[in-house]
Amino acid sequence: MLAKVLNCSFLDADDFHPLSNKEKMSQGIPLSDEDRIPWLETLRGVLKDKLDNGKTVILGCSSLQKHYREILRSADADYVHGSYASTVQFVLLDAKADVLAARLEKRAAEGKHFMPATLLQSQLESLHIDEGEGIFKVDATLSPLIIVSKIQTFLFSDFEQATGNRDC
């Protein structure tokens, strides 16, 4: 929905997992860094290509840890590692575990996701947000329209602060 409002493309990071990762997760086995890093590097390459061509893209991705997000931030050619000042921005759709589990179970039952809800707890345990990263948190239990509106406000206020320009 956000991509439609911004008139840009949407990428689901899950579509970029190799078959071996999907098989592992579908068996209830959490991914290791050895599984995740090549996947994140692939995503970084896709983001870099879009950014280098002046495109805006929305990526749905569970970049659970700071070093994973650093890989994605480095798709910005001007990014200085550890500065968090990047054209790659992060939004955390924040919800309690039971809400996430219900949504994941629904998607799995519809055949729209390969990861069982039993892996959710390991993902939540891996999630680490450093307040200094400037990640925007939005309540994921709000209506989709309100969520999109809040994200737009965040993105455009951030853009205006960085450039002094209200035009995108």
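Guide: Buried means under 20% relative accessible area. Keep that cut-off in mind for this predicted model.

Visitor: What share of the residues of the protein count as buried?
Guide: A residue under 20% relative accessible area is buried. The protein has 168 residues. The share of them that count as buried is 29%.

Visitor: What pattern does the protein follow along the sequence?
Guide: There are seven helices and four strands. Read along the sequence, they give the pattern α-β-α-α-β-α-β-α-α-β-α.

Visitor: How much of the accessible surface belongs to carbon and sulfur atoms?
Guide: The accessible surface of the protein comes to about 10000 Å². The part belonging to carbon and sulfur atoms is 53%.

Visitor: Which residues make the nonpolar surface patch of about 320 Å²?
Guide: Patch residues need over 30% relative accessible area. V5, in helix 1 (residues 2-6), has 45% relative accessibility, so V5 counts as partly exposed. The patch of about 320 Å² is made by M1, V5 and L145.

Visitor: Is S149 buried, partly exposed or exposed?
Guide: S149 is found in helix 7, which covers residues 144-163. Buried means under 20% and exposed means over 50%. S149 has 39% relative accessibility, so S149 counts as partly exposed.

Visitor: What distance separates the C-alpha atoms of S149 and L2?
Guide: Along the chain, S149 and L2 are 147 residues apart.

Visitor: What share of contacts between residues at least 6 apart in sequence join residues at least 24 apart?
Guide: Contact means heavy atoms within 4.5 Å. Take the contacts between residues at least 6 apart in sequence. Of these, the share that join residues at least 24 apart is 62%.

Visitor: How are the rings of F136 and F154 arranged?
Guide: The structure holds one aromatic pair. The ring centres of F136 and F154 are 4.6 Å apart, and their planes lie at 5°. Planes under 30 degrees apart count as stacked, so the pair of F136 and F154 is stacked.

Visitor: Which parts does the pair of F136 and F154 tie together?
Guide: These parts are 18 residues apart in sequence. F136 lies in strand 4 (residues 136-139), and F154 lies in helix 7. The pair therefore ties together strand 4 and helix 7.

Notes
Residues are numbered from 1 along each chain as its sequence is written. This is a predicted model: local features need pLDDT of at least 70, side-chain atom pairs count only at pLDDT 80 or more; totals for chains, interfaces and linings use all residues. Side-chain values use heavy atoms; hydrogens and water are left out. Patches are made of residues with over 30% relative accessible area and no salt bridge: like charges are joined within 9 Å, nonpolar side chains (Val, Leu, Ile, Met, Phe, Trp, Tyr) within 5 Å. Accessible areas come from the Shrake-Rupley method with a 1.4 Å probe; for residues, only the protein chains shown count as cover. A salt bridge is a side-chain nitrogen of Lys or Arg within 4 Å of a carboxyl oxygen of Asp or Glu. Helices (H or I, at least four residues) and strands (E, at least two) are DSSP runs, numbered from the N terminus. Buried means under 20% relative accessible area, exposed over 50%, partly exposed in between (1.4 Å probe, protein chains only). Rings of Phe, Tyr and Trp (its six-membered ring) pair if their centres lie within 6.5 Å; planes under 30 degrees apart count as stacked, over 60 as edge-to-face and the rest as tilted.
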